[in-house]
Every structure is written in C-alpha cells, then in structure tokens.
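This briefing goes through a predicted model.

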Amino acid sequence: MPCSAAQHRRGGRPDLELADVFHQCGESLSHLDGRQVRVVRAILNCRTAALGGHIHQCDRCEYREIAYNSCRDRHCPKCQGSHQLRWVEAQQRHLLPIEYHHVVFTVPDTIHSLLRANPRLCYGLLFAAVAETLHDVARNPKNLGASIGFSCVLHTWTQTLLFHPHIHCIVTGGGLDPDRQHWIAARPGYLFPVRILARLFRAKLLHRLQSRLEDGKLTSAEVDPHARLREAARKDWVVYSKPPFAGPEQVLRYLGRYTHRVAISNQRLVALDHDRVTFRWHDRARGNRNRLMTLHVAEFLRRFLLHVLPTGLMRIRHYGLLANPTRHEHLARCRQLLSVPNPPAPEPDQPASHHRPEQLLPHDSRRCPRCQTGHLVLIGPLSPTRSRAP
C-alpha cells in the first residue's frame, strides 16, 4: 500500500518513517555487514514491543496506554531529540559573548573511495588534519597569533544521501595570546583566508594518507591508490567560511539542527509506493529550493548505509580552548579577560532519561485522552518481545 507523510501518527509522529522503508526493502537487507545489521535492527525495533516499555493507566477511567522504549542508536531519526536537547543545553554554558565563525572543510571525490574503505582510520585523520590546520593558521602572528577554540562535527552525506565527507567547525572569533594575558579578537566579520586553510589542509591530510598507505594500514580497491593521492594533490580543495553567527542564540540553533542527525530525518520522507521512496531535499545550487527525489528502496537503503559510522567513533570533537580536559580553566580565563561573569553553576545531573516513560509519551499525554479529567500514571513495565531482525 502506498504510504504518505502528509498525515501523522498519534503523538505527532510522521506517518512514514525510516523503519517503514527498511521493511519495504525485504531481501535487500540480506547483504549487510554486522555493523549495518545492528543499525537496521535498532531502527526497526525502536519504540516497538521488541524493546519493551511501560504501561500507563488513567487514575479516573482506567484507560491504558503503552509507551515503548527507544533504541538510542545514533543513526535512528526518532532517538536523537532528547540527546540533542541535553547536549545543546550543556554547550550553552561554554558560549562567550564574541563572534563565532562557521568553517567547512571538504575533501575531493578523488579520495572518497579511500575514506569509504577505511572509515575509522580516515575519519580520524580527517579530524586531525582539520584541527592542526586551524591551530597552525590561528597561531601565526600574520593571521591572529592566538590559541583559539573550536568544535568539529563530521558529516558524510549530501541532501540526496550521496557520500560527501566534510567537517563543520564552529570557531571562536579570537583567542588567548601565547602568555594568556590578553584576549586577541579577530577582525569583525572575518576569520582566516580560506585559500591558506584549503592548501594547508590538503597538504596535511594527503601527507597522513600517504604515510598510512606506505605503512600498509590503508586498504584500497584501487589499482594504484597513490595515483589517487597525486591526482587529489593537483586539485584545488574547497574550504569555505560562512558569515559569522549573529550571536550565541544562532550558534545554539545551528548546533541543535546538525549535531545529532545522521543522513536523513523522518520529516523529509514523503511517500513509499511499493518499491519507490520519495523524500525532500534542498537544492542549494538553485537557491535552496525544495525538491523531491524518488529512488528505488534498494538504492535508498544503499545510500543511507554509506553513512553508518564505525562503532565508537566520536563525530563531535572539541579542540583548543574548548578541549574537554582544560575547557573550564580556559573559558574562565577568557571570561576574566573579556570582563564577563561566569555562568551559574549547573543543577545536579538528572538520571539518564532515555527510557523515562514520561518522555516516551506524547507531550500532552499526561492527561487522559479519553476522559480528559484523569491523568496517566505508571503502573508497571512491559517486557520485550522477540526482536524484529532484518
């Protein structure tokens, strides 16, 4: 039966979800490796009886409702909302009253095959090359002559789910001088020359890839992967710096949209018609217009699974003034030099809430939907049933 996202399930959930597409794939799921199987299984089982849940009952009319548990997989579009909210709230304490710049580092498609074949190693090299590039350029007295702070987020997809590894960086518009006695502000509206960033980034990443190839640590299906690196060295790499964020609020809005998302959200899915899936995408080459793309479910699955991350890989990393081990010390010094007070102490941590039943229910479901006078109260857990495997 064709399925459309024009309507929504109870509780505001989209009528069409990624799990529905996986069900439609059928035999296309048989070729997956173990890591991909775990991701698909988690998305299929998320908020179903397979993971168990909690039973709630109205204290007036005995109406009952079941809230199923979430899978918590970072690739699942249904599970990242609460994680994202808590993470953004934590980052708010680290914002300074300064300009923040958005810098994006991309790699040419010439070396995409190397990154696909060695994702764990190559993504680590990608982060290292970006971090070293920003540090070196910032510490050069001709540019800023300061130690900066920045957060990096790995993305591997385009709007049409093609493989396109790139790193988004949120960079402080200034930093501490070498003696940590002065705050050195970047020129308003400007950070670093992008040509310098691109050339230095190209040199650092290609050097790392070349070294790993010579050490035999990189596998490749290419006949001559060294030729790929030489070809990439002849290209002009793209690093672009967007206009600085309008303020800390805009930084948080960006973080909230992009940090805890992988490949596609359920809201972008439009229709599932037998063996075809249609989804929305933004055509940035034509003024960010909304367009529709229709793919065979097997091709949609192939594209989505290109972006399954290696187990344990951290796709959000912090460097410099924002590096986790010394962040509080560095930010306290920055606030002192900027003459701004430290934020209030955070409230004591709440217990992990990924399975908290009240968060699994729709926003207004604490009131009984039948009698509209009673309230739903927890009466007990619901044991998991047999898992729905691919």
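**Salt bridges and confidence in the predicted model**

Glu329 and Arg180 form a salt bridge, with 3.2 Å between the closest N and O atoms. Glu329 belongs to helix α10 (residues 327-338), while Arg180 sits in the loop between β7 (174-176) and β8 (183-185), so the pair ties together parts that are 149 residues apart in sequence. The structure holds 10 salt bridges, and the model is a predicted one.

**The Glu329 and Arg180 pair: accessibility**

- Glu329 counts as partly exposed because its relative accessibility is 48%.
- Arg180 is also partly exposed, at 28% relative accessibility.

**The Glu17 and Lys78 pair**

- A salt bridge joins Glu17 to Lys78, and the closest N and O atoms are 3.1 Å apart.

**Other salt bridges**

- Asp275 forms a salt bridge with Arg276, where the closest N and O atoms lie 3.9 Å apart.
- Asp275 is partly exposed, its relative accessible area being 34%.
- Arg276 counts as partly exposed at 40% relative accessibility.
- A network of salt bridges links Glu132, Asp136, Lys204 and Arg208.

**His166**

- His166 is part of strand β6, which covers residues 163-172.
- His166 counts as buried because its relative accessibility is 6%.
- The side chains of His166 and His168 make a polar contact at 3.2 Å.
- Leaving aside neighbours within four places in sequence, His166 is in contact with Val104, Phe105, Thr106, Val153, Leu154, His155 and Trp157.

**Confidence**

- The average pLDDT of the protein chain is 85, and 87% of the residues score at least 70.
- Residues 4-8 have a pLDDT below 50, and this stretch has 13 contacts in the model beyond near neighbours in sequence.
- Over residues 350-364 the pLDDT stays under 50, and the model has 29 contacts for them beyond four places in sequence.
- Where pLDDT is low, the predicted coordinates should not be read in detail.

Definitions and conventions:
Residues are numbered from 1 along each chain as its sequence is written. This is a predicted model: local features need pLDDT of at least 70, side-chain atom pairs count only at pLDDT 80 or more; totals for chains, interfaces and linings use all residues. Side-chain values use heavy atoms; hydrogens and water are left out. pLDDT is the predictor's confidence in each residue, from 0 to 100. Contact means heavy atoms within 4.5 Å. Helices (H or I, at least four residues) and strands (E, at least two) are DSSP runs, numbered from the N terminus. Buried means under 20% relative accessible area, exposed over 50%, partly exposed in between (1.4 Å probe, protein chains only). A polar contact is a pair of N or O atoms within 3.5 Å; within protein, one must be able to donate a hydrogen and the other to accept it, and residues adjacent in sequence count only if both atoms are side-chain atoms. A salt bridge is a side-chain nitrogen of Lys or Arg within 4 Å of a carboxyl oxygen of Asp or Glu.
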